[in-house]
Amino acid sequence: MNCGGRSPATTTIRCKYCSACLTVTPGERAVQCAQCCGVTRIRRSTRLPLPSLPRPAPPVGHFPCPRGKKRAVLIGITYAGARRGCGELRGPINDVKCMRHLLCQRFGFRSDGIIMLTDDQKDPFRLPTKDNIRMAMHWLVQRCSYGDSLVFHFSGLGAQVPDEDCDEADGYDEAICPMDSFQKGPILDDEINEAIVRPLVHGAKLHAVVDACHSATVLDLPFLCHVSRTGSWQWQDHRAISGACKGTSGGQAVLFSGYSDGKSKFSVTPEAYASVGAMTHSFIKAVESEPCGVTYGRLLTSMKAIMTNGGGSCNLQGPIGAPVSKIANFSGVQEPNLSSSEMFDIHRRSFAL
């Protein structure tokens with residue numbers, strides 16, 4: 001529903017949840033409300049097309065030229081000052097710092113092979129805006145080849161919007177919210193899949209860790225592994241009912257994310273405490289606690305145990321983790337999920353980055 005005047009370049013719609021007036025950005029399919037944080041799908045008839053000009057390649061020149069076989073994009077967003085009346089998240093920036101330490105110290109990633117986007121940066125190209133996240137995703141998979149080990153980590157807000165492509169079993173697209181999501185809208189799972197999953201060639205592997213609500217299938221991967229009622233890990237087929245291809249170009253993509261039944265309460269950490277997100281904490285702590293060569297199954301079980309016993313002190317290794325004393329469950333996560341571009345025996349295959 002239009003709620004104001006319309007020019008050739010702009011239009012407005014009503015928020016589905018609080019009826020606030022929202023400005024539609026050309027080319028976007030959803031918009032997030034700054035008042036209630038709800039995400040409203042933009043109907044096809046209301047969408048504004050992008051200007052009919054040749055679409056240039058993302059200007060990744062602002063990032064270092066990809067070198068080496070190990071690369072990572074780490075994104076942490078507090079939304080400080082962006083959410084009216086909602087406050088900011090405590091933990092995402094520490095999540096990114098702790099993840100960087102883990103990758104460099106445990107898995108041999110080079111500093112110049114890691115892009116960090118956080119909303120405390122002074123460099124405008126290191127802020128986690130929608131455009132910068134898109135550029136970073138393109139940089140991550142640029143010229144990927146056999147033997148590449150890629151990591152994508154996001155800590156912040158997630159969202160759900162009604163699916164219109166008939167490629168979601170639950171009828172909803174998942175999304176991550178950039179720092180300017182209230183102006184430009186979230187990044188939907190369809191776009192994330194196209195950006196960093198489909199370009200993976202044979203022998204290239206992507207591991208993603210997403211600490212956000214509604215993140216269980218945010219990479220749109222076709223297979224989901226979660227804990228069954230009997231307590232065992234089981235695979236579910238989440239291939240698109242429309243028949244759309246959501247796999248790679250021969251490589252493998254794996255996502256560690258969290259499950260919530262929608263009833264758990266998000267924790268609020270007092271400002272005096274330095275904190276990390278519950279999902280990120282469980283992943284890093286499990287990796288640090290388990291020996292090299294741990295299987296995916298053992299790693300998931302360890303993460304679940306850490307989440308179950310969570311809420312206490314953090315105790316992560318390294319100079320970044322030491323001062324962090326609280327765990328902030330801003331995503332409402334209750335237990336870990338694993339999704340993948342292919343099914344495999346999680347009790348036999350070893351985890352490595």
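Trainee: How many contacts beyond four places in sequence does the model have for residues 261-273?
Mentor: The model has 20 of them. Keep in mind that it is a predicted model, and pLDDT stays under 50 over residues 261-273.

Trainee: What does the chain average for pLDDT?
Mentor: The average is 82. At least 70 is reached by 77% of the residues.
Trainee: And what about residues 52-56?
Mentor: There the pLDDT is below 50. That stretch has zero contacts in the model beyond near neighbours in sequence.

Trainee: Switching to helices. At what angle do α5 and α6 cross?
Mentor: Roughly 125°, with the axes coming within 9 Å. Helix α5 covers residues 278-289 and helix α6 covers residues 296-308. That angle makes α5 oblique to α6.
Trainee: Left-handed or right-handed?
Mentor: The crossing of α5 and α6 is right-handed.
Trainee: Which residues meet there?
Mentor: From α5, Met-279, His-281, Ser-282, Phe-283, Lys-285, Ala-286 and Val-287. They meet Leu-299, Ser-302, Met-303, Ile-306 and Met-307 in α6. By class, this contact has eight nonpolar, three polar and one charged residues.

Trainee: Now the sheet. What's the strand order?
Mentor: β8-β9-β10, an open sheet with antiparallel pairing. The edge strands are β8 (158-162) and β10 (187-188), each pairing on one side only.
Trainee: How many bridges join β8 to β9?
Mentor: Five, with β9 spanning residues 172-176.
Trainee: What stands opposite Val-161?
Mentor: Asp-173 in β9.

Technical notes
Residues numbered from 1 in each chain as written. Predicted model: local features only at pLDDT ≥ 70, side-chain atom pairs only at ≥ 80, totals over all residues. Heavy atoms only, no water. Axes fitted to C-alpha atoms, helices over the stretch in contact; angles between N-to-C directions. Helix = DSSP H or I, 4+ residues; strand = E, 2+ residues; numbered from the N terminus. Parallel < 35°, antiparallel > 145°, perpendicular 65-115°, else oblique. Left-handed = near helix turned anticlockwise from the far one by under 90°. Contact = heavy atoms within 4.5 Å. Nonpolar A, V, L, I, M, F, W, Y, C, P; charged D, E, K, R; others polar. pLDDT = per-residue confidence, 0-100. Pairing = 2+ DSSP bridges.
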